[in-house]
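Please keep the sequence and the 3D view at hand while reading.

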Amino acid sequence: MHIIVVGVDHTTAPIALREQLACSPCQIPQVLEAARRTVQESVLLSTCNRLELYALCSEADEGRTALLRVLSEMRQVELAALQAHCYGFADGEAVGHLFEVACGLHSLVPGESQIQGQVAEALELAQGGNFAGPIMSALFRAALVAGKRARSETGISRSAAIVEEVGAFECWLRSLSVVDAVSDLRQRVDTFRKLELARTMRQLSSSLSEREAAAIQELSTRLINKLLHTPTLRLKEAAAVGQGQVYAEALRYLFDLEGHTHEAHEDRDTVQHIGDDPNISGDRATATAVARP
């Protein structure tokens with residue numbers, strides 16, 4: 001997945017074009033709805049001096065082209081004119097650009113604070129229509145934090161802050177590459193835990209009290225959590241330095257996660273009488289904690 005942005009501002013486009021592209025709060029959802037047909041997530045930032053459409057897509061070049069078409073069609077601007085005056089960034093450059101915008105570095109009056117509220121409003125509108133998912137939401141929240149830090153710090157500290165916040169967001173973004181692998185591993189291991197626990201409990205059920213049965217179940221849960229704790233942390237560390245995909249693929253190969261999905265579902269059906277254990281989670285929400293910003 002790629003984070004991309006296309007847009008115009010007071011340095012690239014004449015005022016007539018900027019006015020034609022500008023969107024009111026009630027028009028923004030219409031543009032984002034059109035963008036939803038080609039991208040996974042999107043946020044539109046529209047001010048008197050700039051219009052920028054941020055999105056999450058699978059192909060950066062195709063995504064930029066699609067966003068330009070959306071703006072051209074929705075704002076009734078000739079595509080050639082838009083291409084002649086627009087700029088576009090992808091991935092790290094797109095992230096860095098938004099952080100600089102939120103800090104006021106690209107404003108007509110550098111450092112002005114109004115842009116901070118405009119970035120926040122853009123995120124709120126996108127979230128209200130379910131156009132901004134977890135990636136865009138995290139990106140814009142991080143940009144707002146960077147903007148606040150830039151206005152409260154000065155000199156070298158301020159510069160170290162458009163760098164630290166960008167780095168923190170990119171580190172979190174890279175960690176997402178291992179979320180699915182961790183989730184699938186936990187699901188598979190927990191399925192086998194429940195299956196073996198069911199067999200054991202059937203053999204011992206007549207001789208165990210409820211308290212003893214609960215203790216055995218808790219023991220199995222703790223063993224699994226301790227076993228998976230270090231590998232999960234190591235995967236997160238690998239992802240933070242850009243190696244998450246390599247380790248995630250190795251994990252899938254070593255535990256044959258792809259080949260046993262249907263088997264795991266069948267095994268879960270056989271042990272439902274044990275009940276779900278609240279102390280260990282096999283769902284995707286738990287794995288997402290690995291990549292929480």
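A cavity, in the sense used here, is a set of grid points where a 1.4 Å probe fits but cannot get out. In this predicted model, the largest cavity has a volume of about 30 Å³. The points below take the cavity and then the helix pairs in turn.

**The largest cavity**

- The residues lining the largest cavity are Val182, Leu185, Arg186, Leu228, Pro231, Thr232 and Leu235, and the elements that give two or more residues to this lining are helix 10 and helix 11 (210–240).
- Helix 11 provides the largest share of the lining, with four residues.
- Sorted by class, the lining of the largest cavity consists of five nonpolar residues, one polar residue and one charged residue.

**Helix 10 with helix 11**

- The axes of helix 10 and helix 11 come within 11 Å and cross at roughly 160 degrees; the two helices are therefore roughly antiparallel to each other, and their crossing is right-handed.
- On the side of helix 10, the contact is made by Val182, Leu185, Arg186, Val189, Arg193, Leu197 and Met201, while helix 11 contributes Ala213, Ile216, Gln217, Ser220, Thr221, Ile224, Asn225, Leu228, Thr232 and Leu235.
- This contact of helix 10 with helix 11 has ten nonpolar, five polar and two charged residues.
- Val182, Leu185 and Arg186 of helix 10 belong to this contact, and these residues are also among those lining the largest cavity.

**Helix 10 with helix 12**

- Helix 10 (residues 179–204) packs against helix 12 (residues 244–255) at an angle of about 20 degrees, with the axes 9 Å apart, which makes helix 10 roughly parallel to helix 12.
- The crossing of helix 10 and helix 12 is left-handed, and the contact is made by Asp180, Ala181, Asp184, Leu185 and Arg188 of helix 10 together with Ala248, Leu251, Arg252 and Phe255 of helix 12.
- Within the contact of helix 10 with helix 12 there are five nonpolar and four charged residues, and no polar ones.

**Helix 11 with helix 12**

- The axes of helix 11 and helix 12 come within 7 Å and cross at roughly 145 degrees, and the contact joins Leu235, Ala238 and Ala239 of helix 11 to Gly244, Tyr247, Ala248 and Leu251 of helix 12.
- The residues of the contact of helix 11 with helix 12 comprise six nonpolar and one polar, with no charged residue.
- Leu235 of helix 11 takes part in this contact with helix 12, and Leu235 also lines the largest cavity.

Key:
Residues are numbered from 1 along each chain as its sequence is written. This is a predicted model: local features need pLDDT of at least 70, side-chain atom pairs count only at pLDDT 80 or more; totals for chains, interfaces and linings use all residues. Side-chain values use heavy atoms; hydrogens and water are left out. Axes are lines fitted to C-alpha atoms, for helices over the stretch in contact, and angles run from 0 to 180 degrees between N-to-C directions. Angles under 35 degrees count as roughly parallel, over 145 as roughly antiparallel, 65 to 115 as roughly perpendicular and the rest as oblique. A crossing is left-handed if the near helix is turned anticlockwise from the far one by less than a right angle, and right-handed if clockwise. Contact means heavy atoms within 4.5 Å. Ala, Val, Leu, Ile, Met, Phe, Trp, Tyr, Cys and Pro count as nonpolar, Asp, Glu, Lys and Arg as charged, and the others, Gly among them, as polar. On a 1 Å grid over the protein atoms alone, a cavity is a set of points where a 1.4 Å probe fits but cannot get out, and a pocket is an open set with protein on both sides within 12 Å along at least five of seven lines; lining residues have an atom within 4 Å of a point. Grid points are joined across faces, edges and corners, and a volume is the space filled by probe spheres set on the points.
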